[in-house]
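Me: I am new to this structure and would like to go through it step by step. Could you show it to me?

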Amino acid sequence: MSTAPTTAGTGSLLSKWVHPHPTNFVLLEKVMNITDFIVQDGKGNIVAKADGKVVSAGDNVTLHDATGAVLCEVKQEKLHMHQHFQLRRPDGSIGATVRKKLMAFKPDILVYDGDAKFKHGMSTSAKHLLQMDGSLPDKNFKLKDPNTGVVLAKAVDKSTKIPGILVGQNEYVLEVAAGVDCVLIFACLIAMDHMFEQY
């Protein structure tokens, strides 16, 4: 993936995990528990963990750094026609909204700035931050700048590896471009994975 130009990126939307160079991670998900994730850096060190719970109002997943400090919360909002997740900062404010188009024949998932409000369930004045372009069957996809088409992050599913199958976990190799909030990408992946599971 080529490095995004300085005009592209998301900046510190959810966190200060913004690097001046492309950064690689591995995201591990327990197959039997879609609310538990581990994020490793390129050297295999655990840099973030996610744990969650399924409640009547939807799935809530909290992402922590290696020290246990909260990075963000991924909260499903069930009272919507479309699959709808809020990405919340540690102080409870809403940094972004992840939303799947209703009746889409492909994984048409969009990310908006802040607490996006939709008129008649369709249109919003919120800034469009990211758009997912990928393949539903093998869960390989890219997150792009919706205005320029620049790839800001890409993930490749490596779950077919024998070790991953044996230990019962999905494995994604993730590359995040320069100038992009890594925690935002982690949170988007968690929300998108839930959407895939419910597809």
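Me: Which side chain meets that of Arg88 in a salt bridge?
Reply: The partner of Arg88 is Glu77, with 3.9 Å from N to O. A salt bridge here is a side-chain nitrogen of Lys or Arg within 4 Å of a carboxyl oxygen of Asp or Glu. Please note that this is a predicted model, in which local features need pLDDT of at least 70 and side-chain atom pairs count only at pLDDT 80 or more, while totals for chains, interfaces and linings use all residues. Residues are numbered from 1 along each chain as its sequence is written, and side-chain values use heavy atoms, with hydrogens and water left out.

Me: Where do Arg88 and Glu77 lie in the chain?
Reply: Arg88 is in strand E6 (residues 84-88), and Glu77 is in the loop between strand E5 (70-76) and E6. The pair is 11 residues apart and links distant parts of the chain. Helices (H or I, at least four residues) and strands (E, at least two) are DSSP runs, numbered from the N terminus.

Me: Which other residue forms a salt bridge with Glu77?
Reply: Lys75 does, with the closest N and O atoms 3.0 Å apart. Both Lys75 and Glu77 are buried, whereas Arg88 is partly exposed at a relative accessible area of 22%. Buried means under 20% relative accessible area, exposed over 50%, and partly exposed in between (1.4 Å probe, protein chains only).

Me: How many salt bridges are there in total?
Reply: The count comes to four. One of them joins Asp115 and Lys117, whose closest N and O atoms are 3.1 Å apart. Asp115 is partly exposed, at 33%, and Lys117 is exposed, at 58%. Shared partners join Lys75, Glu77 and Arg88 into one network.

Me: Back to E6, then. Is it enclosed or open?
Reply: Strand E6 is largely enclosed by the rest of the structure, because four of its five residues are buried.

Me: Which strands pair with E6?
Reply: E5 joins E6 through four bridges and runs antiparallel to it; in this pairing Gln76 has Phe85 as its bridge partner in E6. Strand E7 (residues 94-100) also pairs with E6 in the antiparallel sense, over five bridges, and Leu87 stands opposite Ala96 in E7. Two strands pair if DSSP finds at least two bridges between them.

Me: What about the turn between E6 and E7? Which residue takes a positive phi there?
Reply: Gly92 does, with phi near 95 degrees, in a hairpin that has five residues between the strands.

Me: A change of topic: how many aromatic pairs are there?
Reply: A search of the whole structure finds three. In one of them, the rings of Trp17 and Phe186 have centres 6.0 Å apart and planes at 90 degrees, so the pair is edge-to-face. Rings of Phe, Tyr and Trp (its six-membered ring) pair if their centres lie within 6.5 Å; planes under 30 degrees apart count as stacked, over 60 as edge-to-face and the rest as tilted.

Me: Which parts of the chain does that pair tie together?
Reply: Trp17 lies in the segment before strand E1 (23-30) and Phe186 in helix H2 (residues 182-197), so the pair ties together parts that are 169 residues apart in sequence. Trp17 is partly exposed, at 22%, while Phe186 is buried, at 0%.

Me: What is the geometry of Phe25 and Phe186?
Reply: Their ring centres are 5.0 Å apart and their planes stand at 90 degrees, so this pair is edge-to-face. Phe25 lies in strand E1 and Phe186 in helix H2, so parts 161 residues apart in sequence are tied together. Phe25 counts as buried, at 6% relative accessibility. Trp17, Phe25 and Phe186 form one aromatic cluster.

Me: Which residue is the bridge partner of Phe25 in E12?
Reply: Leu174 is the partner. Eight bridges join E1 to E12, and the two strands run antiparallel. Strand E12 (residues 169-176) is mostly covered, with six of its eight residues buried. Strand E11 (residues 151-157) is also joined to E12, by five bridges in an antiparallel arrangement.

Me: Finally, how many helices and strands does the chain have?
Reply: The chain has two helices and 12 strands. Buried residues make up 48% of its 199 residues.
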